[in-house]
Amino acid sequence: AASAAAADTSLDGAYDNGNEITVDSNPVTLNASGTGGALKISQDGNQDAFVITNNDVSRGMLITQIGVLSSGNSALQVSSNVTQTEILAGILMDDPDSTGIVLGVENDGKGHGLRVSQECVLNSGKFALYVHSNVAQTAAELVHIHQDHADSTDTVMTITNDGSARALKIVQNKALTDSTRALEVTSSVAQTTGTSQICRMS
């Protein structure tokens with residue numbers, strides 16, 4: 001850990017506490033004016049390199065990107081150049097009674113809200129986007145897309161397939177009940193336009 005003397009001058013109110021640096025006044029600010037990073041952590045052991053424990057109601061970490069990012073850069077990037085067999089970036093909500101959103105993306109701009117670019121041929125059983133649940137769901141859909149603006153006139157979801165395989169495949173692995181369908185298209189409003197169609201195949 002940094003010495004107490006060094007902490008007094010360089011960490012703005014932080015002081016050394018054994019293997020910890022404790023901040024009890026103003027936040028610690030790291031300013032980088034050169035081409036190097038403001039903070040670099042090198043971890044050669046098998047322990048966590050960076051841990052944030054937040055016991056309060058405020059944010060555990062906040063990144064404010066003020067400058068315009070150059071091509072290929074991100075406000076937050078997790079990168080690895082070695083073969084990984086586990087999750088590279090994981091988010092765990094470990095309280096079964098939690099009802100909050102685990103990961104929220106709010107986009108006030110005009111670009112993609114979420115983009116997945118699969119740049120390598122996938123192995124068998126691997127997917128660019130995978131949603132999985134091994135819990136009996138009885139109260140809600142596993143995946144739900146909702147366009148909530150009544151004046152919207154564009155398509156909610158589009159599948160564009162430039163290959164020769166199926167664009168959409170539905171596999172129903174259990175016998176359906178009398179009221180369920182492998183694919184169901186419904187409308188809760190009266191369709192009055194002469195050319196309007198609930199479902200069209202062409």
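How do the residues of the lining of the second largest pocket divide into nonpolar, polar and charged? The views below take up this point after an overview of the chain. This is a predicted model, in which local features need pLDDT of at least 70, side-chain atom pairs count only at pLDDT 80 or more, and totals for chains, interfaces and linings use all residues. Residues are numbered from 1 along each chain as its sequence is written, and side-chain values use heavy atoms, with hydrogens and water left out.

**View 1. Secondary structure and confidence of the chain.** One helix and two strands are present, following the pattern α-β-β along the sequence; helices (H or I, at least four residues) and strands (E, at least two) are DSSP runs, numbered from the N terminus. The mean pLDDT (the predictor's confidence in each residue, from 0 to 100) is 85 for the chain, with 87% of its residues at 70 or more. Over residues 1–9 the pLDDT is below 50, and this stretch has 15 contacts in the model beyond near neighbours in sequence, a contact being heavy atoms within 4.5 Å. Where pLDDT is low, the predicted coordinates should not be read in detail.

View 2. V131 belongs to the segment after strand 2 and counts as partly exposed because its relative accessibility is 46% (buried means under 20% relative accessible area, exposed over 50%, partly exposed in between, with a 1.4 Å probe and protein chains only). Leaving aside residues up to four places away in sequence, V131 touches L142 and V143; between V131 and L142, 11 residues apart in sequence, the C-alpha to C-alpha distance is 8.0 Å.

**View 3. The second largest pocket.** Q147, H149, A150, S152, T153, D154, T155 and V156 line this pocket, and they divide into two nonpolar, five polar and one charged. Its volume is about 170 Å³.

How values were computed:
On a 1 Å grid over the protein atoms alone, a cavity is a set of points where a 1.4 Å probe fits but cannot get out, and a pocket is an open set with protein on both sides within 12 Å along at least five of seven lines; lining residues have an atom within 4 Å of a point. Grid points are joined across faces, edges and corners, and a volume is the space filled by probe spheres set on the points. Ala, Val, Leu, Ile, Met, Phe, Trp, Tyr, Cys and Pro count as nonpolar, Asp, Glu, Lys and Arg as charged, and the others, Gly among them, as polar.
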